[in-house]
Structure formats: structure tokens, C-alpha cells
Amino acid sequence: MSESLLEMRGISKVYPNGVVANAGVNFSLREGEIHAVVGENGAGKSTLMKMMFGMEEPSEGEMLLRGEKVRFRSPQDAIDSGVGMVHQHFMLVPSFTVVENMILGMEPRKGLGINRAEAERVTRELSAKYNLHVDPNARVEDLSVGMKQKVEILKALLRGAQILILDEPTAVLTPQETEELFRELKLLKQAGHTIVFISHKLKEVKTLCDRITIMRAGRTEGVFETASVTEQEISRLMVGRDVVLKYDKEKKAKGKPVLAVRDLAYTNAAGKKTLDRVRFAVREGHILGIAGVEGNGQAELVKALTGHLPGATGTIDVAGSVVAGQGIKAVRGLGVAYIPEDRMRQGAAKEASIADNLISTRYAKKEWNRGPFLDRRRIAQMSKDMIERFKIRCKGPEQEIGMLSGGNMQKVIVARESSASPRLLIAEQPTRGVDVGAAQLIHQRLLELREQGCAIVLLSADLNEVLELSDSLIVLYNGGVAAYFDDPSGVSEEKLGLYMLGLEQQSEEEAGKAYDL
Amino acid sequence: MIFNTRNFEKIRTLAVVLISLLIAFLVISIISEHPLKTIGIFLFEPIRTVSHIGNVVEMSIPLMFTGLSVVLLFRTNLFNLGAEGIFYFAAVVASSVAIHFAANAFFHPVVAVLAGAVVGALLSAIPGILKAKWNVNELVSSLMFNSILFGVGLYLLNYYLRDPQSFSNSSYKFRPSAMLDVIVPGTRIHSGLIVALLCVAAGHYFMYRTKWGYELRMTGANREFAEFSGINTTKVIIMVHLIAGFLAGMGGSIEVLGMYNRLQWASLPGYGMDGALVALLAKNNPASVIGAALFLAYIRIGADQMARMSDVPAEMISIIQAVIILLISAEQFLKFWKNRMLLKEAGVRE
């Protein structure tokens, strides 16, 4: 086919840990289109893109650029061939300015030094040409996430990218920033660039993209003109069945307070106030959602709640006991369960079996031991029940958890944390990077716990999720509570966005209602 | 089907052993006048007579102790090579008990071995506490401890245990009551073998069946995860060091009381480092330590006999060991084959 700019044929990829991420994938890209790659996480989108950008080499298959066979051994090869990539986690030097980041590795020279004037001129010119406005002399660490993303795009363009790969670019953006990004991307398309847009937000894909490649379980499910398919059809192909992200939950009478956080403050080593007089309370059978752009105090708040943020002031009460600085073991002893954001580091031991991962918070309890030995039969039975109940796709309880996809791994973690009948559950990004099917299952499980009277703190970057599940909602901005809503169902994503960006702020009295005892 | 991904590690270890043996044969063919005869000696001499089989088993006993000790440490993701110094120092302690105290033939060896083991455990706890509390690199501290323990041990041997009538660095004779009994007539296989096998069995059950073993495995697999699950990993690391030191100390004590009638080690005997090799071959599985220790002892005795009866020196064995270590630590070795298996199991091919 002469019309495809880039074509990947029969691509397979096996990672050293044994995960088969791609199995015989075909992908083709037309010049000047915005092409969406959608799929549940673990479907192999990121892997495919990494191979397109030379970060990974395919185990099998071939790649053709303008009809010629190419092989990218490193990102440099890809860049030389006009492929650029904007990563989900930005690859920028935080302490450098925008200009310095732009020219890194390709500095214009003046004698032995760097020609700064020329570098700045190039940056300004490019940013004017594509309507991507950033202050060339600002330090990257001072920029917002949306701005950093622009720098990343400019960086790729400066390196001559004709094909631009964006890996879940909207995951970290507010609705307003997302709209702006879409305008810029359309402009890039008009200028003749080809864009690969990875996402699992179907609404965005529908508004922005020309064609869609759908992936599922490491294979391509099909390529479609965007106009010819509906969101429902796409999601069915992604998941293999229909999904609805809508839950019926009953309004409940107020239960007893379980968690009370009062005047929590913390100043980090760099002298920045990352938590500022945070006050809120959560009652039995109540889900408190916490929204906010990443880096506005969520990480510190969770650390404080799980008892390992020494130096924090204020009080945290869990069912009457003060937990500050007690350590996670003591906090767990009070009936607190925790679903950590980083499942590979804190949530699971990937070389250990599923059963071992399921029992990690309970193994020491008497009911799981018989004399000096662990009750293996009981643990195996429990694991089998969990695998069935949470529809964990695996070969059995003895399989290494590291062999599972992200979604299934997360299901194991949720299964573990939710089945000890906790009094309080802290769920940190419980469905990040998880496919729609798994997310739905996890959501249902959270609602079940709520039904049983568990208090839940839900931190999530997915506004849809927060709005849909929470009974009440706070927005964190700059370490403080910027807004409190006692009925999130009436709040729009756009309105939340304003608070998340700090464009609006509730009065202290209004936001203080979050501390409702 | 044998050739699936589940058996991958076993097949890989077997392949490594075969390749290293083939390389050994190749080297022998190049340097020996009668390569076939030499290879025959190397391969079959260790099992030709009862006494040779006895040599293999005798040598495997200390390897089982240090191997098991290192397995526990490695499994907790602690790269501690301190078994060497502890093995030596515990032998000094057990020797002094064997020389200076008197008891009946049951209690004397028991007390001597336990003394060595307990001292080993306590010494091992030092790098353990340093690691657990202040994150001091256990590889560095344990290697330094090897030197320290060797120096102090040699001092004790020279100034407190040395028999002035002997010309070499050797201690007074042990009291006969302290020495371990031979359990297989015609060999020197001593009652330490029974203790070693019991320890391996206990190690297996400890690691896979008890909650402490579970804590150990989780701490080793991902310390942060273990910590977040509510496991006190500081405690686990210290516990593992105590047990590992106890086992290494027991190994040193049993070796010296089972195989010798005086302490004559004027240099580190090397069993601690060999323990790391055994752990590598055993893939950090306690039960596999028996096979790994026997294999290592077998090729060593084979090499000894070869040196005695042919024109190839025993140092040949170093080549085999080097190849084994190299290939087993090379994670990518045979990975392509595993990948192909995975693709096949995923249904891409055929």
C-alpha cells in the first residue's frame, strides 16, 4: 500500500519477565491523519508505541516507513527517521529552562559555548508557528503539567518529527487543558504532521481522531473510520462486551465518623508547604472523593493517613485513635486497608504467587495458621474463591503475579485489601492503568464495601470515577482544601477543573464543611 | 510436556551444568595425553569405590550447611557472603570447647557444636542489624567481617589453642569424647550428615510452610511491598541473619569435629564462598541444596582423583565453576527459548 506512511506487520513482543505484550499486531498509519490507538490497559498499546519509537525491539515482525523496511534499535534511530514521542511521564530535566530542555543534545554552538540567543530564537519561532505558547526562559519544574506537555511536543517537533506519538496525553490534564491540546493537535495536523493518539477515553477519541485501531489482549481487533463507529461499538470491541460506567447507589443515613483529619500540615525538605491545614471527616458507609491535579498534596496526604509521614502536624483520628507517625503496621491494626497507587512497588511482589500476594496482610492471623504452619489448604481455597469472584484471569493461585496484566494484578490487590472487612479503606488511583472491565469490577467492589459500612477515601485523577462513586468530594489545590461538595452528582467536570487549577476557591467556611462531625 | 515455561529454570540449570562439563571435556582433550582416560577418571572415579563415594558425601556436608545458610540470605535478597568467616570462627570456638572442656560422648559434641552455632548467629547479627537499621550494604560489611573473623580466629588458634609440640599451625588434639561418630563403616561419613539433612528439611518447611518463612520470602521479593503489607522487615532481616549465622557456625563446628582430630586451618577453608555457589545452583531452594552440594562435591572429588591419576591438574575444576557461575547469573541465557515457548503457549505460532 503506497498510501500508508508507516506500517507494522505481524509484530510480536515478549518481555523478559515472560509477558506477551503483542502477538501478531498489524498497524498502519496514513499521512496527515490523527490515528487513535485504543484498548484496555495491558492490551499492548504502549508496547506497540515503544517499538515504533525504538525503545523496544520487536521479538518478531517488520516495520515499513514509506514502503521501506526500517529497524529502530534506539529512540535516536526513530528520531532520525522523523518519529517523535510524548511520554506519559515527561522526559524533561526539571531544573533546566524550557530552552535548555529543547536543545538538549542538539545545542546550537557558538565557538565552544552554546549559542543561547539562537536557541531561544528557534524555540520562539517554533512555538509561534504551532501556536504552542510557553515561556522559553521558565524553569520546567515551575510549569504546570499542561505546559510541560507543550514543551514535550515542541521538543519532538524541533527534532524534525513528522510522526508524533502521544501516550495518553490527557490522563493528567484538566478538561480545559485537554480542549486546548486538541486545538493544537488539529493545527499540527493541518501543518501536515501525522499523529498517533493513545487513549482509553472514547469521547476524546471520537472528537479528535480520523481513524481508530482497537487493541485487545495484545492483538488488533480492527481499524475503523471514526465516523463509522459509535462509542458503544468501540468499547464492545475493546472489552468484548458492553460496559456502563453508571452505578445506582442508595443515599444512606449518616453513620458514625471513622476518620477525622484536623489541621493536617506538612512542610517538605525543600521548604514547600505541601499540606496546608487540611480538614475533613469520613463516616461509616461513606465515600469521600479527593480530586486534584497530581502534586497538590495527595501523595503527602496518603502518607500521613497510612502513618508514615514524620514531621506532619495536626491530628488524624481513626475510630478514636491518633495515627500520626505510627507506621503502617499499627495503622493496619486499626482496621485500615490501603490500595497503593504504585502497584509494582508497594502493592505486590511480582515474583511471588497470587496466593502469596493475597495473604500478605493477614498471614499472621490465627485463622490462617495451624500450629507453627500456615494453613495452606485454607489459603489455596481462599485464593481460588478470590480468583473466581474477581474474575482474575490466570492459570491458578500458584502463578506468579508478575505474569498477569495490570488490570488483573490490580484485581488481586483490591481483592486482598477489601476482603479483610476494613473499617477504613484508602484507595489511591484504584483503577489507573486498568482496563474498563476491571475498573467496573473494582468500582462495584468499592460500592459493596460502602454498603457494608466501610468508610472510603478515594483519590483519583479520573474525574468521572470520583464524581460517579463519591458521596461527597473535596478538591485539593496547593496542599489545601480548595472546595467541598456534599453532593457531587450535581457537579460538572468543567467546574471541578476550575477548582483544580486554582482559578476558583471556596471560602474557608464553605470548604470547612468537609470536616463534618 | 516437560518443555514448558514452568520447568524453564530447572532445564536451564541442567543445560548450564552440561555446557560447563562439555567445556571441561574440551579443555581436558586439549591438554591431556590420554583425554578419554582422563575424562573417565574425572567422571567415574568418585563412584568407583565405597571410600570415594564416602569422600563425596563427606565433602558435601559442610557445603549443605553453608549452602543452606546462603540460600536463606539470598532468598531475602541479602547479598551476604559472611558464611566464610563465620564458618571458620565457629570452628575455632568448637575446637576450644573440644579441647578445654570435658563431658560425655553425647553432650560434648552437642555443646561444642551449639557453642559454635550460637557464636556464629551472634556474629552474623552484626551485619544484619547494620543492614536492617541503617541500610549498610551487607556485601561490604560481611566481606569485611570475613577478614576480621579470620584474623581473630587465627590469633586464638596461635595463642590459646596451639600445640607447642607441633610444627605447623595446629591446635592441641580434641578430646575423643568431642569427636563425631562415623556412621558408615569404611568411610569417614559422620553423624553430621544426619544433622545437615535435618537442617535442610527444617529449612524447607520453614521457608514454605511457616509464617516466618513467608515473611522472609516477601521481604526478599519486594521489601517495600512487605513493609506496606504490615511486615516488620527490620525484624525479618535480623532474624534471617541469626539463622544463617547459626547454620554456617554449625557447619564449621561439625566439619572440624567430624573430619579432624585437631584444628589446622591456617587460612579460610573456602566453604562459605562455595555455599554461594551451592545456593546459585540450588536456585535459592532449601531442598535443592542437597543435590547442589553433592554435585559440587562430586566434581571436586573427580578433579582430585584426576590430578592424582592423570596429567591434568585439579585446578581444572575452577573452569567448570566459573562457567556455571557465569551462565547461571546470565539472565538472558536461553531466554530466547523461553520467549518462543511463551509465544507458543499464547497461541501465536501454529
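1. In this predicted model, B:Lys283 sits in the loop that links α11 (271-281) to α12 (288-309) of chain B. Its phi is near 55 degrees, a positive value in a residue other than glycine. Most residues other than glycine have a negative phi. B:Lys283 has 16 C-beta neighbours inside 10 Å and therefore counts as partly exposed.

2. A:Gln429 is not a glycine, yet its phi is positive, about 45 degrees. Its place is the loop between β21 (424-428) and α15 (436-451) of chain A. A:Gln429 has 22 other C-beta atoms within 10 Å, and the cut-off for a buried residue is 20 or more, so A:Gln429 is buried.

3. On the overall form of chain A: the chain holds 18 helices and 24 strands. Its radius of gyration is 24 Å, which agrees with the value near 24 Å for a compact globule of 517 residues. Along the principal axes, the C-alpha atoms of chain A fill a box of roughly 65 × 50 × 45 Å. Buried residues make up 48% of the 517 residues of chain A. Of the contacts in chain A between residues at least 6 apart in sequence, 69% join residues at least 24 apart.

4. Chain A is divided into three parts: domain 1 (1-82 + 162-243), domain 2 (92-160) and domain 3 (257-514). Between the C-alpha centres of domain 2 and domain 3 of chain A the distance is 38 Å.

5. A:Val38 has A:Ile214 in β11(A) as its bridge partner. β3(A) and β10(A) also run parallel and are joined by 5 bridges, and here A:Val37 stands opposite A:Ile198 in β10(A). Strands of a sheet pair through backbone hydrogen bonds.

6. Is β3(A) covered on one face or on both? In a regular strand the side chains alternate between the two faces of the sheet. In β3(A), A:Ile34, A:Ala36 and A:Val38 on one side are buried, and so are A:His35, A:Val37 and A:Gly39 on the other, which leaves both faces covered. In count, 6 of the 6 residues of β3(A) are buried.

7. Last, the contact between the chains. Chain A gives 28 residues to the contact and chain B gives 23. On the side of chain B that touches chain A, the elements giving two or more residues are α8 (211-221), α9 (223-228) and α14 (335-345) of chain B. The residues on this side of chain B divide into 9 nonpolar, 7 polar and 7 charged.

How values were computed
Residues are numbered from 1 along each chain as its sequence is written. Chains are lettered from A and ligands numbered from 1 in the order in which they are written. This is a predicted model: local features need pLDDT of at least 70, side-chain atom pairs count only at pLDDT 80 or more; totals for chains, interfaces and linings use all residues. Helices (H or I, at least four residues) and strands (E, at least two) are DSSP runs, numbered from the N terminus. The radius of gyration is taken over C-alpha atoms; the globule rule is 2.2 Å times the number of residues to the power 0.38. A residue is buried if 20 or more other C-beta atoms lie within 10 Å of its own, exposed if 12 or fewer, and partly exposed in between; C-beta atoms are placed from the backbone. Two residues are in contact if their C-beta atoms, placed from the backbone, lie within 7 Å. Ala, Val, Leu, Ile, Met, Phe, Trp, Tyr, Cys and Pro count as nonpolar, Asp, Glu, Lys and Arg as charged, and the others, Gly among them, as polar. Two strands pair if DSSP finds at least two bridges between them. Domain bounds come from an automatic or database domain assignment.
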